[in-house]
Structure formats: C-alpha cells, structure tokens
Amino acid sequence: DALHREVLRNCGAALLLQKYLAGPEASPEARLWLTTRGAQPVAGRLAASAPSQAALWGLGRVIALEAPNTLAGMVDLDPDDAPETCAQRLLDELVGAGTEEQIALRGPRRFAARLTGDRRDRAGTASYRFPAQGCYLITGGLGRLGLKLALWMAEQGAGHLVLLGRRGQTGASTPAEIQAAQAAGAEVHLVSADVSNRRQMTALFDRFGADLPPLRGILHAAGVIKPQPLLQLGLAALSAVCEAKVRGTWILYDLARGRGLDFFVLFSSAAGILGARELAHYAAANHFLDAFAHWARGREMPL
C-alpha cells in the first residue's frame with residue numbers, strides 16, 4: 001500500500017503542476033523539472049534503488065510529447081551523495097541546463113539517456129523447454145497477450161498453467177488458445193482473482209504445492225490501458241492503471257520470495273521509455289516496472 005501511495009503522490013503532484021503550467025495564471029516562461037534520486041539504472045550500476053520514483057520519468061516522457069513547452073527536463077540524483085551534494089549538483093544542473101532533457105548524475109559523472117539497439121545473439125531461445133511437472137502463473141492470463149503466452153508455453157512443454165484474470169472467463173466458449181494449449185498436453189487452470197488484492201493472491205499461492213503443483217515461474221502480464229489526455233488525467237485514473245503494475249507487482253514479488261522460482265517475468269511497454277500520447281498513467285506504471293526489475297534483480301530475484 002505504501003509503495004502504491006508513493007507512486008500516486010509523486011505523479012499526482014507532477015500532474016497538478018503540469019495542469020497549472022498549462023493554465024492562464026502561469027507565467028509563459030515557467031518550466032517544470034522532475035527530480036528523482038536513484039530512480040534510474042545507469043551504466044556500471046544497474047540496480048536502481050528507488051523504483052517508485054521512476055514512475056515520474058514515464059510520466060515526464062508523455063509530458064514532453066503532449067506539452068513540450070512546459071517540461072524543462074528530468075534529473076536523477078546520485079543516491080550515494082550527501083543531501084548537500086545533491087542540492088548543489090541539482091542547482092548546477094538547473095542553472096547550466098543545456099539541450100539534454102534526461103540526465104542521471106553519478107559521482108562526478110553526468111549521464112544522458114540514449115536509445116541503443118540490442119545486438120546480442122538470441123539463437124536458441126525458441127527451443128526452450130519448460131519442465132512438464134512445474135506450474136506457471138500468468139497474470140492477465142485471459143487477455144490477448146496472456147493467451148498467446150499460454151499457448152506458446154504449452155507448445156514448449158509446460159504441463160500446468162494457471163491463467164489469472166480479474167473477471168475470470170467471459171462467454172460460454174473456451175478461447176481457441178486454451179483449447180490448443182490443452183491439445184498440446186497442458187493442464188490449464190482458470191482462476192478469477194485480482195492481482196492487486198493481497199488476500200486473493202495469498203489464497204492462490206497457498207494452493208501451489210497443495211491442489212496445484214509447486215510454482216516454478218511467473219509471467220506478470222496484467223494491466224489496464226485507457227487512453228486519456230494529460231490535462232484530463234486525474235488521480236482515480238492514475239490509481240486504476242497503477243493497481244496491477246505497482247501494487248500487483250509488489251504482491252507477486254513478496255509472495256514469490258523463497259520459493260526458488262526459475263523466473264519472474266514482468267511485461268512492460270515501450271511507452272515507459274519513449275512516451276505515448278494520452279497514456280501518461282500507463283507510461284508511469286510501466287516505467288515503474290522497468291526500474292523494479294533492476295531493483296529486484298539486484299536482490300537476486302530471477303527477473
């Protein structure tokens with residue numbers, strides 16, 4: 001709950017400031033800076049220490065698209081610097097701001113965000129085989145992405161799949177992907193539960209190793225996407241989108257610790273890195289996921 005409230009508080013404050021700057025009472029010269037501390041993974045030290053603050057960067061990237069004249073930039077301060085040092089470096093950055101709009105300060109070094117291609121050889125990933133006796137949880141399992149994942153995993157040998165959805169299966173007919181997964185030999189379990197509801201998720205996790213096989217992996221694909229212009233975006237809509245990706249992610253992480261999972265995969269979106277018009281809340285929630293993955297991996301969680 002505290003993590004979810006922190007994301008809402010940070011992003012809510014930025015939204016209020018943005019709306020004020022877009023109004024008639026603001027000075028036309030006024031600009032918005034978003035400042036975080038330890039929210040961004042940086043080359044050589046990828047374990048972000050404040051993933052809840054990273055949501056501001058996802059939000060800021062959409063402000064840059066929808067209201068480019070109001071956002072001056074985003075600065076991520078060094079979490080290891082003393083407060084006095086952080087204040088001085090931030091002042092230097094604001095006074096001497098150049099053309100860069102996404103900056104991370106680490107020690108005496110100044111990093112700027114760049115989008116680079118991943119040229120690593122991924123040969124062999126398509127032939128991966130899941131142990132047939134293991135059980136795998138897919139949140140958002142009845143959505144388009146979740147169903148495709150379920151079918152692919154069944155084709156790669158997964159024997160037990162738990163597809164989680166808030167509303168359960170709707171309609172009388174079974175989705176074609178589930179039928180194909182069953183035909184491939186997988187036992188598919190449909191569970192109606194909200195990933196952001198700890199009581200419901202605890203009840204599900206209690207079943208692993210009891211009436212369900214032990215849990216071997218999690219694929220977190222749950223999410224809500226409802227486009228809304230930045231100036232019309234309120235806290236209720238922001239909270240609704242963050243429920244699954246912020247609160248739900250922490251609940252899964254907390255319940256999965258100590259179970260020796262083979263993997264814990266978080267499905268994010270390019271919106272968190274590149275921004276997307278009318279998806280400020282979605283970009284914020286997904287960039288939280290990006291930073292959380294770095295944070296958890298730094299604690300040896302298989303993400």
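## Helix α7 and its neighbours

α7 passes α9 in a right-handed crossing. The model is predicted.

**α7 with α9.** Helix α7 spans residues 235-256, and helix α9 spans residues 280-297. Their axes come within 8 Å and cross at roughly 15°. Angles under 35 degrees count as roughly parallel, and α7 and α9 are therefore roughly parallel to each other. On the α7 side, the contact uses Ala237, Leu238, Val241, Cys242, Lys245, Val246, Thr249, Trp250 and Tyr253. α9 answers with His281, Tyr282, Ala285, Asn286, Phe288, Leu289, Phe292, Trp295 and Ala296. By class, that contact has 14 nonpolar, 3 polar and 1 charged residues.

**α7 with α1.** Helix α1 covers residues 2-21. The crossing of α1 and α7 is right-handed. From α1 come Leu3, His4, Val7, Leu8, Cys11, Gly12 and Leu15. They meet Leu235, Leu238, Ser239, Cys242, Glu243, Val246, Arg247 and Trp250 of α7. The class count for α1 with α7 is 10 nonpolar, 3 polar and 2 charged residues.

**α7 with α6.** Helix α6 runs over residues 198-205. α6 and α7 make a right-handed crossing. Arg198, Met201, Thr202 and Phe205 of α6 touch Ile251, Leu252, Asp254, Leu255 and Ala256 of α7. By class, the contact of α6 with α7 holds 6 nonpolar, 1 polar and 2 charged residues.

Two packed helices are described by the angle between their axes and the distance between the axes. The table gives these values for each pair.

| Helix pair | Axes come within | Crossing angle |
|---|---|---|
| α7 and α9 | 8 Å | roughly 15° |
| α1 and α7 | 9 Å | roughly 145° |
| α6 and α7 | 11 Å | roughly 35° |

**The second largest pocket.** About 610 Å³ of space lies in this pocket. Its lining has 30 residues, and those closest to the pocket centre are Gly140, Arg166, Arg167, Ala222 and Gly223. Which helix supplies the largest share of the lining of the second largest pocket? α7 does, with 4 residues. Strand β6 (160-165) and α7 each supply at least two residues of this lining. By class, the lining has 14 nonpolar, 11 polar and 5 charged residues.

**In short.** α7 meets α9, α1 and α6. α7 also supplies 4 residues to the lining of the second largest pocket.

Methods: Residues are numbered from 1 along each chain as its sequence is written. This is a predicted model: local features need pLDDT of at least 70, side-chain atom pairs count only at pLDDT 80 or more; totals for chains, interfaces and linings use all residues. Side-chain values use heavy atoms; hydrogens and water are left out. Axes are lines fitted to C-alpha atoms, for helices over the stretch in contact, and angles run from 0 to 180 degrees between N-to-C directions. Angles under 35 degrees count as roughly parallel, over 145 as roughly antiparallel, 65 to 115 as roughly perpendicular and the rest as oblique. A crossing is left-handed if the near helix is turned anticlockwise from the far one by less than a right angle, and right-handed if clockwise. Contact means heavy atoms within 4.5 Å. Ala, Val, Leu, Ile, Met, Phe, Trp, Tyr, Cys and Pro count as nonpolar, Asp, Glu, Lys and Arg as charged, and the others, Gly among them, as polar. On a 1 Å grid over the protein atoms alone, a cavity is a set of points where a 1.4 Å probe fits but cannot get out, and a pocket is an open set with protein on both sides within 12 Å along at least five of seven lines; lining residues have an atom within 4 Å of a point. Grid points are joined across faces, edges and corners, and a volume is the space filled by probe spheres set on the points.
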